[in-house]
Amino acid sequence: MNEAVAPIVSASPNGLGEGKQRKPDWIRVKAPLGSAFSETKALMRRLNLATVCEEAACPNIGECWTKKHATVMILGDTCTRACAFCNVKTGMPRAVDPLEPEHVAVAAAELGLEHIVVTSVDRDDLPDGGASQFVKVIEALRRNTPSTTIEILTPDFRNKSQAAVEAIVAARPDVYNHNLETVPRLYPTIRPGARYYASLRLLESVKRQDPTIFTKSGVMVGLGEQRLEVHQVMDDMRSADVDFLTMGQYLQPTPRHASVEEFVTPQAFGAYAAIARAKGFLLVAASPLTRSSYHAGDDFAKMKTAREAKLAIAR
Ligand code: SF4
């Protein structure tokens, strides 16, 4: 994935199953270096943990795992939804692993993580959507690695979000992330099992219940969204008091997934970032390879600094 190739962008409707798309030369990923990559992989297998880095075929895995930064995906490796952008496998998941919370804490300790990102598949089959497993993971991390800051990236807990969010917020993660993923017009094709305004309300309710928790949300671009629709998503996030916006280029994991409609240039990402900052986000990360958990530890430190600066001005 290190090669630079000429941009050949097929303008196609948002259908699935079209040919493999070639990437422009600004989409460059780093190859894994040294032993850290294989050590991270071996640790995850030993602890029976899935990672979104592998399951979502993340382009940054070479860079992140070389630094031993891995994003753990709890509640198994099988999702009950089938979003058109996502490479995680769909099906009937296995029973929840009761050892998973302790294993996540062991992984954080062995990797020496100052900041951990924990996400999950959608578990519409569970009565609480998997919220109690998030709580157990946060508790295990606080017990075993109390100095590690915790960022969770949750699903939307469809039809059970109120109780789920209340339970998770009470466990006090440092950052609560939930991605809007795309503009509302594209939900029926890209994220058909979810509802845009339900996701927005989830973010809003995290902040309402505990304003000290940082909230974070992300969108992928290149799926056929219009610029003004993206600006509207930013406004919606700000109205829900979201602190941190991430924006990255959608990449088609396999020809069965939604096609890339456009490769957004680094300059256009820069323009989006400038608009987002003007709209009042504490922090904005926008670049072709930005992903929710990319550089999450460094960004958490920046977000804390930005909040302190803002509070100092207000005093
Ligand atoms: S950006 Fe996130 S998902 Fe991708 S490899 Fe890095 S930690 Fe894993």
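Reply: The account below begins with the ligand and its surroundings and then turns to the helix pairs.

The model is predicted. The residues around the ligand are drawn from several stretches of the sequence. They include Val 52, Cys 53, Cys 58, Asn 60, Ile 61 and Cys 64. Two elements give two or more residues each to the shell, namely helix H2, which covers 52–55, and helix H3, which covers 61–66. Sorted by class, the shell around the ligand holds 7 nonpolar residues, 4 polar residues and 1 charged residue.

Some of these positions also carry an annotation. In an unreviewed entry, UniProt places the feature "binding site" at Cys 53, Cys 58, Cys 64 and Ser 293. These positions span 241 residues in sequence, yet no two of their C-alpha atoms are more than 10.4 Å apart, so they gather at one spot. Of these residues, Cys 58 has its place in the loop between H2 and H3.

A further annotation concerns a longer span. The unreviewed UniProt entry places the feature "domain: Radical SAM core" at residues 65–282.

Helix H1 is formed by residues 36–46, and its axis comes within 10 Å of that of H4, crossing at roughly 160°. H1 and H4 are therefore roughly antiparallel to each other. The crossing of H1 past H4 is right-handed. On the side of H1 the contact is made by Thr 40, Leu 43 and Met 44, and on the side of H4 by Ala 107, Glu 110 and Leu 111. By class, the contact of H1 with H4 comprises 4 nonpolar residues, 1 polar residue and 1 charged residue.

Helix H4 also has a contact with H5. H4 consists of residues 100–111 and H5 of residues 131–144; they pack at an angle of about 40°, with their axes 8 Å apart. That angle makes H4 oblique to H5. H4 passes H5 in a crossing that is right-handed. From H4, the residues Glu 100, Pro 101, Glu 102, Val 104, Ala 105, Ala 108 and Ala 109 take part. They meet Gln 133, Lys 136, Val 137, Ala 140, Leu 141 and Asn 144 in H5. The contact of H4 with H5 has 8 nonpolar, 2 polar and 3 charged residues.

There remains the pair H6 and H8. Helix H6, residues 161–170, packs with helix H8, residues 196–209, at an angle of about 35°, and their axes are 10 Å apart. This crossing of H6 and H8 is right-handed. H6 contributes Ser 161, Val 165, Glu 166 and Val 169 to the contact, while H8 contributes Ala 198, Leu 202, Ser 205, Val 206 and Gln 209. The residues of this contact of H6 with H8 divide into 5 nonpolar, 3 polar and 1 charged.

How values were computed: Residues numbered from 1 in each chain as written. Predicted model: local features only at pLDDT ≥ 70, side-chain atom pairs only at ≥ 80, totals over all residues. Axes fitted to C-alpha atoms, helices over the stretch in contact; angles between N-to-C directions. Helix = DSSP H or I, 4+ residues; strand = E, 2+ residues; numbered from the N terminus. Left-handed = near helix turned anticlockwise from the far one by under 90°. Contact = placed C-beta atoms within 7 Å. Nonpolar A, V, L, I, M, F, W, Y, C, P; charged D, E, K, R; others polar. Near = placed C-beta within 6 Å. Parallel < 35°, antiparallel > 145°, perpendicular 65-115°, else oblique. UniProt positions renumbered as here; feature names shortened; annotations may be inferred.
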